[in-house]
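Dear colleague,

Please find below the structure that I am handing over to you. A summary of the findings follows it.

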Amino acid sequence: MLTVEGLSIQSDAVSLLSPLSFSLKQGEVLGVIGASGSGKSLLAQALMGQVPPGFKLGGKVISQQGARRALAAQSASVLDPLRLIGSQLRYAAQRLGKRASTRRHYFKLGGNITERYRHQLSGGMAKRALMAQACWQSSEIMIADEPCCGLDVEAALAIYQHLAMLARDEQLGVMVISHNLRQLLPIADRVLVLRDGRAVEMTTPAHIRAGACDEYTHRFWTALPEHWESERVAVA
Amino acid sequence: MLRLHKGYVRRGEQLITFPDIELKRGEIVGVSGPSGVGKSTLAGMLAGIIPMQAELHSLPRRARGKPNPVQWLIQQGEFAFNPRLTLKTALDESWQCDDYLPLLKDYGLDASWLTRRPNQLSGGQLQRFNLIRALVPTTQFLICDEVTAHLDTITQAEFWQHLLATANKRNLGVLVISHDPYLLEAICDHIVTW
Amino acid sequence: MRDLLRQPSFMAALALLCGLVGLALLWPWQGAELDLLNKYQAPSLHHLFGTDWLGRDLFSRSQQALAQSLYVGGLAVLLSSVLSLMMAMLAMLHRAAAWMVDLLVDLFMSLPHLLLLILLSLAFGGAEFGLVVAVALSHWPKLTRLLRFEMKQVQSAPYYQLAKQFGTSPWQRLRRHMLPHILPQWWIGGLLLFPHALTHMAALTFLGFGLNPDSPSMGALLAQASQYALTGHWWFALCPGLLLLSCLLLLSYVAQRLLLGLRQGPQTHLEGVVKC
């Protein structure tokens, strides 16, 4: 269980993330949505205790029984360019506990990924490597930052299903940052909505679908192409 | 008229073949396919950056020293701009005058942002600047390569609203490359599946 | 870049370097007066670096030599870096030109450096002119290769490709997109060449292929000192040697930090940080 109390990122003049409180239970998938620039990635970094230079971290992040957190970053630039992907992942798994072996089957990586270097990976491969790395670190809390950005539908679906399975079978607390509502909502238990560094609300997928949520949140739902009104198409 | 019949490109050992594409002005055609089949290569080829190899193709004629009538919008606005230049310099480069100023307002962009550099704007704003940069008067066709894949749904909807309105007004042919079937369904006249 | 100016270690190195160079250039005494009563004096307060076998003040001579080396080295480095920029630009013009330039770079880099220097210096008649030309002609390949790499990177960047789409002329593209990117690399690369060139010039002069041994230069000073190394006059070689060494180390430290600062690119603006 992860409890966040008044987490904020501020400097004297600017506030990037206003105080934010929520909790993340084991076995739960928490979605985080918001427009670009609303502070989604910053929230992920703040949970890992990182802030941009010149800014101060406020508030508390309490994890029960010292639950470990792992972040699957948005871009492959966090991978070591000089080592094979496989050797990096083995290192992560060895260093952090025995449970790694039981989790291996969640993100199966073929030789086409483990035997390559960072620059040889395609976008989809890099995402899978990042997910596997975070997953194998035998953490209790996993944070995935835009896990499927730029992937095709099938690949994205596979990753989301793996995340849901992780939460259900391994009792992991999973936080997924995404703007892909179509794929996020089926697996999320609750959704946190951010706007300009503030929390708009904490809601559930059912409420978003039904429109029983903040007007701003609902706009994300109605802005999906399948909900565009026909007049818009007629303009074309 | 933009036309490609039995196009192919050789990448070392690999041979990538392209689906047949026909795009008239005023038409919106979608291209969908799994990632890694060479959709970006197709975009680059139609935009004339990668040499064209095809049994039959026709592209609008390109005058020397003038902007290409087929303009290419790339996936990430962040990479479309030189990080050292302000947006004003970038837009001036393509327009060679400041006739784009009225467009800025239509697209919900603030003229004061022109003095900023790309890293001071969000992805959605950059992508709109990118679009305006490509909408020089001579443009006849737009190749949109996953232009909204990195944007949130609200920004995505706004972006397409703007783009479709402009395409309609200026009678542009738009080729939409995307792996979002719902998006293609919503905006395209017909869809080419790889 | 601005961050660099706040680092005390960098600023200290820069200040020290400027001090040393300034002292060498502005030192008023030639150190040419003979004082036969005071020869073979060990370093003292009166003679900081001691005196040589003719009673000349070694400190003054060292300063003179350093100034001379900096001047000749600077000239050689300037020529060399201009040459490397020209070569890199030439390679951009045409595929055949690129092939030619790459071949030349490989050829020059495959030859032993010192041998090449000696041959070139002899071919151009030795002395100051020969030395400058030899250093200029043998130091360009590394910088050219670096610049070629940077240029290729810009050429493959989407914004450069898109600039072509807008019908801009090659000259405009060069001026707007290419030069602002590579010029900082270029001048720092030139700065990094400097210590390299100084060492090699001193080495050539030491071996007798460079400057006239009568004129005070670092290589000549050290060459003459080597004859006295075993007679217990340690300061002949040690003091000018240390001066040269500290200058070189400071120079290469400053240049490397500058390069590092440049690689990290322009500081992301506050608003730039807020990106999802």
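**Findings: the sheet of chain B**

Strand β7 (residues 141-145) of chain B is joined by five bridges to strand β8 (residues 173-177) of chain B, and the two run parallel. Strands here are DSSP runs of E with at least two residues, helices are runs of H or I with at least four residues, and both are numbered from the N terminus. Two strands pair if DSSP finds at least two bridges between them. In β8(B), B:Val176 stands opposite B:Cys144.

Please note that this is a predicted model, in which local features need pLDDT of at least 70 and side-chain atom pairs count only at pLDDT 80 or more, while totals for chains, interfaces and linings use all residues. Residues are numbered from 1 along each chain as its sequence is written, and chains are lettered from A and ligands numbered from 1 in the order in which they are written.

The open sheet has five strands in the order β6-β7-β8-β4-β9 (chain B), with parallel pairing. Its edge strands are β6 and β9 (190-193) of chain B, each of which pairs on one side only. On average, neighbouring strands of this sheet are turned by 20° against each other, direction ignored. Helix α1 (residues 39-46) of chain B packs on the sheet and touches β4 (28-32), β6, β7 and β8 of chain B; the direction of the helix makes about 160° with that of β7(B). Axes are lines fitted to C-alpha atoms, for helices over the stretch in contact, and angles run from 0 to 180 degrees between N-to-C directions. Two residues are in contact if their C-beta atoms, placed from the backbone, lie within 7 Å.

Elsewhere in chain B, B:Thr17 lies in strand β2 (residues 14-17). B:Thr17 is exposed because 12 other C-beta atoms lie within 10 Å; a residue counts as exposed at 12 or fewer such atoms, as buried at 20 or more, and as partly exposed in between, with C-beta atoms placed from the backbone.

**Interfaces**

Between chains A and B, 25 residues of chain A are in contact with 26 residues of chain B. On the chain A side, α5 (123-136), α6 (153-170), α9 (215-222) and α10 (230-235) each supply at least two residues. The largest share, three residues, comes from α10(A). This side of chain A divides into 14 nonpolar, seven polar and four charged residues. Ala, Val, Leu, Ile, Met, Phe, Trp, Tyr, Cys and Pro count as nonpolar, Asp, Glu, Lys and Arg as charged, and the others, Gly among them, as polar.

Between chains B and C, 19 residues of chain B are in contact with 18 residues of chain C. The side of chain B that touches chain C comprises eight nonpolar, eight polar and three charged residues.

**Chains A and C**

Chain A has ten helices and nine strands, and 43% of its 236 residues count as buried. Chain C has eleven helices and zero strands; of its 276 residues, 35% are buried. The C-alpha atoms of chain C fill a box of roughly 80 × 50 × 30 Å, taken along the principal axes.

An unreviewed UniProt entry annotates residues 12-29, 70-94, 114-138, 186-212 and 232-254 of chain C as "transmembrane region". Residues 70-94 of chain C are 96% helix and 0% strand, with the end C-alpha atoms 37 Å apart. Residues 114-138 of chain C are 88% helix and 0% strand, with the end C-alpha atoms 9 Å apart.

Yours sincerely

Note on methods: UniProt positions renumbered as here; feature names shortened; annotations may be inferred.
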